Amino acid sequence: MTLPTAATRRFQWFSQGVLLYTLGVILWGAFVRATGSGAGCGDHWPVCNGEVLPRAPSIQTLIEYTHRVTSGLATVLAVALYVWGRREFPKGHPGRSAAFWALVFMLTEGLVGAGIVLLKYVAQDARLGRAVWMGVHLTNTFLLVGAQTLVVWSSKGRARMAFQGQGVVGALLGGSIAGMLVLGVSGAVAALGDTLFPATSLAHGFEQDLSETAHVLLRLRMFHPAIAVAMGALLVFGGRQVARLRPSPDVRRASAWLTGMYVAQLCAGIINLVLLAPVAMQLVHLLLADCVWMCVVRLCAAGLAEDAPRLEPATEPASRVEPV
């Protein structure tokens with residue numbers, strides 16, 4: 001690990017600030033969905049109800065318009081992060097490529113958000129297509145947060161990742177990434193079901209899910225808890241195995257953080273279920289999901305690092321043939 005210069009330290013602080021701000025924008029977007037304010041600007045984009053600056057806006061319009069303004073600022077910050085990254089790091093540096101992908105996913109994030117508005121997948125719309133777009137939105141959000149996490153990680157002088165010849169470690173980390181994406185999509189669908197079909201009690205919620213006439217979103221919602229428990233077991237097991245096979249301080253630290261954060265996420269999920277998904281708990285649940293995802297990304301970056309120590313299986317020495 002190389003010692004950072006003063007300019008590099010400033011870039012590190014800026015990249016961390018961009019990541020924190022992006023998380024805030026993501027949570028506000030979830031607040032827009034949870035409060036049914038997605039139609040606050042109608043089906044107009046990028047203007048709001050045909051106006052650049054809405055006059056006499058309703059509460060829903062203020063909530064949605066604030067999200068658009070903060071999202072626009074997040075895009076400006078992503079551009080600044082990319083430009084600064086190009087100036088700060090030489091060609092081929094992992095921080096430079098991570099900043100590029102962070103910008104790409106920020107732009108696609110805006111396009112997906114625009115598509116949701118223009119297709120009117122907002123407010124109380126319960127079409128199945130909305131669930132598909134929510135899944136795409138969540139996947140892109142994870143990729144955006146992951147890229148920004150790698151910018152922060154790479155700016156601290158860590159080695160680049162090597163993807164070939166990783167064997168079991170590569171399979172475990174690849175499975176963790178894929179599993180987290182599946183879990184995130186199922187969570188987005190479950191949250192949408194909670195918003196569109198709120199339950200009056202825990203028993204009522206189970207009746208909704210098990211009813212023969214239940215909406216498809218309710219039928220999909222019931223799979224999320226099972227996926228969450230299965231993913232918890234996979235992440236804890238995978239993290240410990242990676243820490244054993246790549247025994248560096250960074251890997252061990254990332255594995256420990258991943259285990260602790262996922263336990264907190266499961267507890268928040270149970271509370272969210274028991275309390276019938278209040279808006280505040282939905283935001284906490286989403287924030288913890290993003291934190292778990294960042295832990296997975298850090299574990300991948302540390303475990304696949306070119307300079308990560310390897311615990312290879314011992315090989316038996318070849319038998320010596322005594323001369324006759």
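Q: Where do domain bounds come from?
A: They come from an automatic or database domain assignment. In this predicted model, domain 1 (10-157) and domain 2 (160-311) each give at least three residues to the lining of the second largest pocket. Residues are numbered from 1 along each chain as its sequence is written. Local features need pLDDT of at least 70, side-chain atom pairs count only at pLDDT 80 or more, totals for chains, interfaces and linings use all residues, and side-chain values use heavy atoms, without hydrogens and water.

Q: What is a pocket, and which are lining residues?
A: On a 1 Å grid over the protein atoms alone, a pocket is an open set of points where a 1.4 Å probe fits, with protein on both sides within 12 Å along at least five of seven lines. Lining residues have an atom within 4 Å of a point. Here 29 residues line the second largest pocket. Closest to its centre are Leu150, Met161, Phe163, Val297 and Cys300.

Q: Which helix gives the most to the lining of the second largest pocket?
A: Helices are DSSP runs (H or I, at least four residues), numbered from the N terminus. H4 leads with 7 residues. Helices H3 (94-118), H4 (128-154), H5 (167-196) and H10 (279-303) each supply at least two.

Q: What does pLDDT tell me?
A: It is the predictor's confidence in each residue, from 0 to 100. The chain's mean is 92, and 95% of its residues reach 70 or more. Over residues 314-324, pLDDT stays under 50. Where pLDDT is low, the predicted coordinates should not be read in detail.

Conventions
Contact means heavy atoms within 4.5 Å.
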